[in-house]
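Colleague: I am new to reading models like this one. Could you take a close look at the cavities for me, and go through what surrounds them?

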Amino acid sequence: MRHPTWMRVIVHSAGLFPLTLIGISVLRGSLSVNPIQDIEQRFGRTAFYFLVATLACRPLSTVFGWYALLRYRRTLGLYSFFYASLHFFVFAGLDYGFNLPEIGKLITEKPFILLGLLSGSILLALAITSFDWWKKKLRRKWTYLHRLVYLAGLMTVVHYGWAKKGDLFNLRGDILYPVLWGIMIVILLIMRIPMMRKFTSNLRYISNKYR
Amino acid sequence: MERKFQHRQPPSSEITPQSVYLSRREWLKMAGLVSTASVLAACTPNGTLPSSTTTSAAPNGSLVDEFGNPANTYKEITHYNNYYEFSTDKQAVARLTENFQASPWAIEVGGMVHKPKTYDYNELLKFEQVERIYRLRCVEAWSMVIPWTGFELNKLLRQVEPLSSAKYVKFTALLDPKKFPGQRNRLYPWPYTEGLRLDEAMHPLTLIALGVYGQPLPNQNGAPLRLVVPWKYGFKSIKAIIKIELTDIQPTTLWSTIAPDEYGFYANVNPQVDHPRWSQRTERRIGELGRRETLMFNGYADEVAPLYAGMDLRANY
């Protein structure tokens with residue numbers, strides 16, 4: 001089935017909207033007085049939102065029967081990768097001026113940066129293998145490979161929470177949003193478990209039948 | 001110490017919005033700063049008021065620290081604030097503090113002292129007011145250069161006469177969730193508390209700031225009064241203080257309660273001792289594109305290193 005044009009327009013508008021907003025902020029000079037960090041964090045947050053949207057497609061389609069969503073998973077995932085790449089290049093290039101020895105030290109010493117990099121590497125691998133050609137070539141393996149997106153989601157939440165001032169494990173400080181997002185990702189993950197999937201789709205079947 | 005007061009004549013594009021000029025003048029008169037404050041280009045002999053405001057992006061060449069680093073603009077200093085009592089969003093604090101009532105205000109000074117006393121805000125203006133252009137290094141690895149006005153904390157402590165058994169000074173900020181929306185968040189052990197060793201508190205660099213750029217301390221910077229300890233990470237410089245107590249036990253502090261492995265009692269700026277999760281080797285000076293190397297004790301090693309002679313700064317982070 002072809003993708004309806006209007007749906008594609010919506011998805012791509014959503015995908016490019018954050019970039020447009022950030023671009024407008026740059027041109028108007030309305031970034032914070034620490035503009036590099038500002039852009040870096042906005043790209044990072046945007047990448048994360050698209051990652052959550054990608055993860056939510058399957059559970060939403062199972063629960064509500066919105067199967068059309070499944071056709072936009074790849075696009076949403078690629079937008080997540082796009083913003084994650086921008087996030088990385090602002091960090092490595094604008095923030096640290098491609099000072100490779102310093103970046104190397106940061107990555108090896110600071111687990112929060114390492115986690116971000118691992119998560120980004122997963123997204124890179126998935127983006128490269130996102131073409132139909134790879135899908136046909138890898139077959140079942142492709143499905144397993146692309147389940148790594150959940151691992152990327154979990155690592156990104158920890159990456160985000162660890163960058164905050166607070167203690168993620170003692171539930172103290174500036175950790176409310178990372179914890180809420182973490183719970184969200186775990187719920188999305190639980191809904192992927194075959195038993196839960198079967199349960200929710202049966203539930204929907206029964207509720208439709210006795211409507 | 002004199003080198004900390006090095007000024008250049010500020011260009012007229014700098015300075016203060018006209019709207020705050022008059023109230024500032026009154027405040028400065030009370031603070032006895034009018035004659036000395038070279039920040040006050042608005043009081044130039046011809047008496048003209050500056051037409052532009054500090055919100056302009058014009059580079060600030062008016063004030064420099066002892067290394068010749070220019071002070072950050074008033075706009076930068078007042079629109080990028082860590083003030084978790086209002087928000088964790090540094091850009092949102094300026095807006096959220098607009099209606100904060102910093103007056104009337106009193107500060108209770110007590111504990112292990114001979115002469116405990118509660119000071120009304122106006123009484124604090126009677127301490128000898130000084131200007132200091134200090135670097136402020138945030139634990140988040142950004143920094144600014146800020147022209148503070150205020151008085152040396154040792155002047156106040158001498159007046160209340162600490163007991164010889166007093167070893168530490170504990171600072172407590174206002175606890176009022178009605179004024180501080182962020183205090184409704186139970187993930188923090190409010191109120192904000194901080195502490196210094198008595199010799200650190202008595203050090204001539206340690207300031208109680210009542211102003212920035214020669215005008216009363218803006219709400220977002222901790223109105224009406226805050227601590228400034230320039231060789232320590234910014235979180236030590238507690239805002240909106242209502243109580244100062246002398247004690248013989250090391251005070252607990254808000255950040256060391258939240259994450260004891262990450263925010264120590266000393267919190268001296270030290271590029272060799274990283275925060276467990278991020279590096280402290282470099283920093284971004286607000287207004288600059290590249291990163292700077294962070295200096296030991298934030299560049300105040302000559303003045304303060306003797307305080308820590310023989311101490312393991314890695315263990316006492």
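Modeller: Let's start with the lining of the largest cavity: it is made up of 22 residues, and those nearest the centre are B:Asn82, B:Tyr83, B:Arg226, B:Gly234 and B:Lys239. Here a cavity is a set of points, on a 1 Å grid over the protein atoms alone, where a 1.4 Å probe fits but cannot get out, and lining residues have an atom within 4 Å of a point. By class, the lining of the largest cavity holds 13 nonpolar, five polar and four charged residues. In this scheme Ala, Val, Leu, Ile, Met, Phe, Trp, Tyr, Cys and Pro count as nonpolar, Asp, Glu, Lys and Arg as charged, and the others, Gly among them, as polar. Strand 4 of chain B (residues 142–152) gives the largest share of this lining, three residues; strands are DSSP runs of E, at least two residues long, numbered from the N terminus. The space in the largest cavity comes to about 320 Å³, where a volume is the space filled by probe spheres set on the points, and grid points are joined across faces, edges and corners.

Please keep in mind that this is a predicted model, where local features need pLDDT of at least 70 and side-chain atom pairs count only at pLDDT 80 or more, while totals for chains, interfaces and linings use all residues. Residues are numbered from 1 along each chain as its sequence is written, chains are lettered from A and ligands numbered from 1 in the order in which they are written, and side-chain values use heavy atoms, with hydrogens and water left out.

B:Pro230 sits in the loop between strand 9 (226–228) and strand 10 (241–247) of chain B. With a relative accessible area of 2%, B:Pro230 is buried (under 20%, using a 1.4 Å probe and protein chains only). Leaving out residues up to four places away in sequence, B:Pro230 touches B:Tyr134, B:Arg135, B:Leu205, B:Asn298 and B:Tyr300, where contact means heavy atoms within 4.5 Å. B:Tyr300 is 70 residues from B:Pro230 in sequence, yet their C-alpha atoms are 7.8 Å apart in space.

Key. Helix = DSSP H or I, 4+ residues; strand = E, 2+ residues; numbered from the N terminus. Buried < 20%, exposed > 50% of the residue type's maximum accessible area, 1.4 Å probe, protein only. 1 Å grid on protein atoms, 1.4 Å probe; cavity = no way out; pocket = protein on both sides within 12 Å on 5 of 7 lines; lining within 4 Å.
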